[in-house]
Amino acid sequence: MMIRPPDDDAIADAVRRLRAGELVGIPTETVYGLGADAENVHAVAKIFALKGRPATHPVIVHLFSPDEIDQWARDVSADAQRLLRAFAPGPLTLIVKRSARVPDVVTGGQDTVGLRFPSHPVARALLRDFGGGVAAPSANRFGRISATTAQHVADEFAGGSVDGLRLILDGGPCAVGIESTIVDVSRSRAAVLRPGGIAATDLAAVLGYMPEARSHASPRVSGDLASHYAPQTPTRLVAPDVLADEALALGPTKAKRAVLARSATPPAGFQGLWRFAPAAAADYARALYAELRVLDASAADLILIEAPPSTSEWQAINDRLRRATHKAEVTTGDRR
Ligand code: TXA
Ligand code: MG
């Protein structure tokens, strides 16, 4: 597996590999993607094999320009057009009715397709030169932490089969850091299937109404599974006022704790790993997945995350934290 700086040669190499049915690791402004030619069913099948992702979980198609939307979608609504004008290119995925150009393997056989127009200059250069659609899920193994650097992508797939993934374009650390906002505009009213890089209030300002949040969507969104974006180490969300106590209380194995704090400082005697996440939501989002990887790589038996505020700017982050902490719930002061 090769990580290359994204010069003209590397982009041309990536285009050749996509045309040959290989996978390419692609930087986007949200997270890295595992890209394949969306119209090559064998190439798309490699994505599912490499990720270990069930075939029923559709992948989204990345395009260079909203001008191409009618080639990939039909019945594109006025709401969809408004969102595209406001947010494309950018961290938005639209669920629209698919055209005949979209293969079944991309959509899991559904009548809709997810389309996204990334703003990252490397993704855009690649899409422009490739000229078609690039199917790409996040470049992580199924259910695991998404990748926000080229090295994360290499780490994710280092142990397993690298069949089809020989090139990762290094576009630097992702500026947004969490996945795109998924908005279903295939029905009469827009609905948010996954909160993300664009806040619901910003969508509402463009739509003229607050889109409904549809968390248990049918069709299925794989980010919708309760356990997702998850470290291998058990992980819990903890209220700020009890973080210090929880960090000192050792479990049966006496292994150390790993902590992701925002405001709380380590208590006297704490011997585990104490990391600080940024205080502002946008910076926190940018750092989150890299921090989860650092915490997960420590020898801790438990990761404790200081619960951020529950205000709207933290919505997408709190969504990811809830899924990362799957089997446990928030520990609050009054429950102890
Ligand atoms: O920011 C992002 O969206 C990143 C970058 C690489 O573009 N991609 C990404 O892809 O997060 P993925 O596959 O990890 O998440 C896309 C989600 C999946 O949960 C998938 O099930 C859902 O979108 N999805 C795809 N097509 C859909 C459809 N037709 N209807 C409903 N959900 C769909
Ligand atoms: Mg994903």
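Eleven helices and 16 strands make up the chain. The model is predicted. The C-alpha trace spans about 60 × 45 × 30 Å along its principal axes. For 336 residues, a compact globule would have a radius of gyration near 20 Å. The chain has 20 Å, so the value agrees with that expectation.

Two helix pairs were examined. Helix α1 covers residues 8-19 and helix α6 covers residues 121-130. Their axes come within 9 Å and cross at roughly 55°. The crossing of α1 and α6 is right-handed. On the α1 side, the contact involves I11, A14, V15, L18 and R19. These meet V122, A125, L126, D129 and F130 of α6. Eight residues of this α1 and α6 contact are nonpolar and two are charged. No polar residue takes part in the contact of α1 with α6.

The second pair joins helix α4 (residues 78-87) and helix α8 (residues 200-207). Here the packing angle is about 120°, and the axes lie 9 Å apart. The perpendicular range ends at 115 degrees and the antiparallel range begins over 145; α4 and α8 are therefore oblique to each other. The crossing of α4 and α8 is right-handed. From α4, the contact draws on D79, R82, L83, A86 and F87. From α8, D202, L203, V206 and L207 contribute. The residues of the α4 and α8 contact comprise six nonpolar and three charged, with no polar ones.

The strands include an open sheet of four, in the order β13-β16-β14-β15. Pairing in this sheet is parallel. Its edge strands are β13 (235-238) and β15 (273-276). Each edge strand pairs on one side only. Neighbouring strands of the sheet are turned by 20° against each other on average, direction ignored. In general, strands of a sheet pair through backbone hydrogen bonds, either parallel or antiparallel.

Within the sheet, strand β14 (residues 257-261) pairs with strand β16 (residues 302-306). The two run in the parallel sense and are linked over four bridges. V259 stands opposite L304 in β16.

Technical notes. Residues are numbered from 1 along each chain as its sequence is written. Chains are lettered from A and ligands numbered from 1 in the order in which they are written. This is a predicted model: local features need pLDDT of at least 70, side-chain atom pairs count only at pLDDT 80 or more; totals for chains, interfaces and linings use all residues. Side-chain values use heavy atoms; hydrogens and water are left out. Axes are lines fitted to C-alpha atoms, for helices over the stretch in contact, and angles run from 0 to 180 degrees between N-to-C directions. Angles under 35 degrees count as roughly parallel, over 145 as roughly antiparallel, 65 to 115 as roughly perpendicular and the rest as oblique. A crossing is left-handed if the near helix is turned anticlockwise from the far one by less than a right angle, and right-handed if clockwise. Contact means heavy atoms within 4.5 Å. Ala, Val, Leu, Ile, Met, Phe, Trp, Tyr, Cys and Pro count as nonpolar, Asp, Glu, Lys and Arg as charged, and the others, Gly among them, as polar. Two strands pair if DSSP finds at least two bridges between them. The radius of gyration is taken over C-alpha atoms; the globule rule is 2.2 Å times the number of residues to the power 0.38.
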